[in-house]
Amino acid sequence: LVEFHPDISCPQLFSSSIDYKIRIWDLNSSRCLATLDGHFSAVTSLAFAGGNTLLSSGRDKICMVWDLKTRESKRTIPVYESVETAVLLPEKGDFSQLGVKKQGLHFITAGSKGILKVWEVATGACVYTQPVPFKSKEEASERSLTQCLFVPARNEVVTVSVEHNIVLYDAQTLQLRKQLAGYNDEVLDVKFLGPGDSHIVVATNSPQLKVFELATSHCQILYGHTETILALDVFRKGLMFVSCAKDKSLRVWRMSRDGRVICVAQGLGHAHGVGAVSCSRLKESFIVTSSQDCTIKIWNIPESLTSKAKAALISSPETLHAKVTERGHNKDVNSVTVSPNDKLIATGSQDRLAKLWSSSDCSLLGVFTGHKRGIWCVQFSPVDQVLATSSADGTLKLWGLRDFSCLKTFEGHDASVLKIIFVSRGTQLLSSGSDGLLKLWTIKTNECVKTLDGHEDKIWGLHSNKQDEMVVTGSSDSCIILWKDVTEIEEKEAQAKQEEQIMKEQELSNLLHEKRYLKALGLAISLDRPHTVLTVVKAILKEADGRKHLEENIVRLRKDQKEAVLTFLVTWNTNSRNCHEAQAVIETLLKHEAPDSLLQYSGIKSAVESLLPYTERHFQRLSRLLQASMFIDFMWQNMRLADAAQQDDVTL
């Protein structure tokens with residue numbers, strides 16, 4: 001630990017090491033001026049009050065106040081926890097809500113208990129303890145605080161916890177202003193939340209839920225479960241949602257209009273951890289859960305939770321009781337879902353079966369048989385009487401609800417398919433695998449139209465928003481990713497590009513007609529059309545003094561345009577029909593560009609290597625043509641002489 005003296009006229013450095021002593025160093029002479037000895041464990045922070053008072057905190061559960069003039073301890077304050085940071089409150093400011101009633105030094109401690117406390121130096125008493133929604137532990141835990149900082153410009157106190165959460169408090173009240181979650185561990189489920197899907201709720205590998213506001217990244221941490229939360233589901237309106245956990249319970253949570261979330265109900269009854277949950281779709285009327293105890297339970301939601309007026313009066317969570325319990329499978333039930341009309345329930349199990357149940361009495365209606373390994377997810381289609389299932393055998397299947405037959409099988413994943421949802425108004429399926437891949441399937445054609453690679457581990461969470469244009473995924477790699485449907489945007493961009501191409505082609509045609517060759521060359525190069533550029537070059541060469549005009553136009557091109565033409569003429573030169581135009585351009589470049597300048601062209605080496613063999617072949621062909629021409633000329637001369645001699649003989 002090192003700290004500079006805050007007074008610039010006092011060039012001193014304060015340090016502490018594993019010997020638990022605080023040393024004062026003169027920065028001019030590099031000498032140690034004094035040693036402050038009093039702590040019996042690591043010194044974790046140093047804070048200065050004015051120029052003559054120093055506050056030190058340590059893991060020996062004490063804070064010490066030092067007089068820097070005498071370099072002696074003025075007071076030792078026992079704080080009863082391992083302190084990581086002590087922050088002095090400014091003497092000016094109203095801190096009455098923090099128990100500051102008198103003038104004098106006060107400081108805030110942050111440490112192993114995860115609670116901020118305010119202390120008075122004069123009496124050594126704790127004058128304020130921050131209220132928290134969890135039980136504090138004596139020993140260090142994931143809630144312990146590792147850093148604390150006072151920000152005068154924003155009038156805020158900022159803390160950092162062991163879980164890497166950054167929390168911003170109002171300095172005068174220690175009320176939470178904003179919280180940023182820095183680490184999520186393994187994400188087990190994620191759902192959109194709020195009337196306008198403004199939030200997401202995340203179940204990580206912990207008993208706490210995290211609710212993120214998407215616009216600001218502000219995070220609420222919800223306490224209630226005692227073991228890892230396994231699954232989530234949200235009611236249609238987006239204000240109420242349900243969580244279930246390894247602690248054999250489920251909890252119902254409600255979000256207020258201002259975004260604050262509280263627990264309004266809880267239910268106990270399963271013999272093992274509750275691994276899947278689904279809410280009713282039409283109204284907030286019931287919840288279905290499934291567990292490792294192989295049972296399905298239906299829980300009715302009392303009117304007191306759905307009525308806004310009555311819900312506002314709830315002071316503590318209500319207790320829910322299961323209406324129906326049914327042993328549904330012979331192995332763990334991995335997934336449960338409710339149909340869009342609330343009349344049917346589907347379950348998928350490790351026993352490789354999916355089953356259809358009536359939601360009124362939980363009576364079995366049918367069994368879907370066909371998967372070779374355990375089923376991870378079941379989902380009803382929002383538009384058809386169809387059930388989709390995904391399995392550890394790497395396939396997705398669509399089943400008819402009337403005859404329970406398999407309608408389609410989708411193959412393409414190389415690993416277990418963990419989650420599926422219907423998207424694009426029920427015309428497509430989106431699946432996530434244990435290999436970290438998302439696949440988009442078109443139901444009509446049975447083909448995978450897109451594979452998205454954004455995660456590095458199993459994707460457990462997959463959910464789409466109400467508008468059906470955004471998807472959120474959560475994975476074991478601790479990442480939460482938001483995906484946007486860009487189909488319409490891409491189609492519009494492609495259409496705009498096509499219209500632009502048509503306009504440019506029309507403009508090019510006009511330029512050629514008007515014989516404005518330089519502009520035509522530039523436009524053809526920008527369109528990346530080698531054949532069109534060749535057409536322009538041929539048109540120039542057909543003109544009177546074509547070579548001269550070609551030279552003038554090529555010379556006036558920019559360097560990047562010349563590089564593009566060089567790339568094009570490599571292709572032209574491979575064909576004997578176009579080699580004359582290619583050689584004419586090469587000649588112009590060699591004549592007007594210095595060798596050093598040509599060597600700076602990108603791709604010049606590969607271009608020369610490609611040009612040489614074909615150029616040699618063209619010259620060899622020309623040489624053979626010249627020889628053939630000379631031979632024909634010689635034969636023609638001989639024939640004429642022979643004819644003349646024959647005529648002379650006839651005359652004689």
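These legends go with close-up views of a predicted model.

**View 1. Three domains make up the protein.** Let's start with the overall layout: domain 1 covers residues 2-181, domain 2 covers 187-489 and domain 3 covers 502-633. The C-alpha centres of domain 1 and domain 2 are 46 Å apart. Where these two domains meet, eleven residues of domain 1 are in contact with ten residues of domain 2.

**View 2. The second largest pocket has a lining drawn from domain 1 and domain 2.** The space inside the second largest pocket comes to about 860 Å³. Its lining counts 31 residues, and those closest to the pocket centre are Pro-133, Leu-176, Gln-179, Ile-221 and Tyr-223.

**View 3. Strands contribute to the lining of the second largest pocket.** Look here for β14 (156-161), β15 (165-170), β16 (176-181), β20 (219-222), β23 (249-255) and β24 (261-268), each of which provides at least two lining residues. By residue type, the lining splits into 17 nonpolar, nine polar and five charged residues.

**View 4. Helix α6 (residues 546-555) has four named buried residues: Gly-546, Leu-550, Asn-553 and Ile-554.** These residues are on the same side of α6, because they cover an arc of only 95 degrees around the axis. To see their neighbours, follow the packing of the buried α6 residues against α4 (517-526), α5 (530-542), α7 (559-572) and α8 (579-592).

Key. Residues numbered from 1 in each chain as written. Predicted model: local features only at pLDDT ≥ 70, side-chain atom pairs only at ≥ 80, totals over all residues. Heavy atoms only, no water. Buried < 20%, exposed > 50% of the residue type's maximum accessible area, 1.4 Å probe, protein only. Arc of directions from axis to C-beta. Contact = heavy atoms within 4.5 Å. 1 Å grid on protein atoms, 1.4 Å probe; cavity = no way out; pocket = protein on both sides within 12 Å on 5 of 7 lines; lining within 4 Å. Points joined across faces, edges and corners; volume = space filled by probe spheres on them. Nonpolar A, V, L, I, M, F, W, Y, C, P; charged D, E, K, R; others polar. Domains from an automatic or database assignment.
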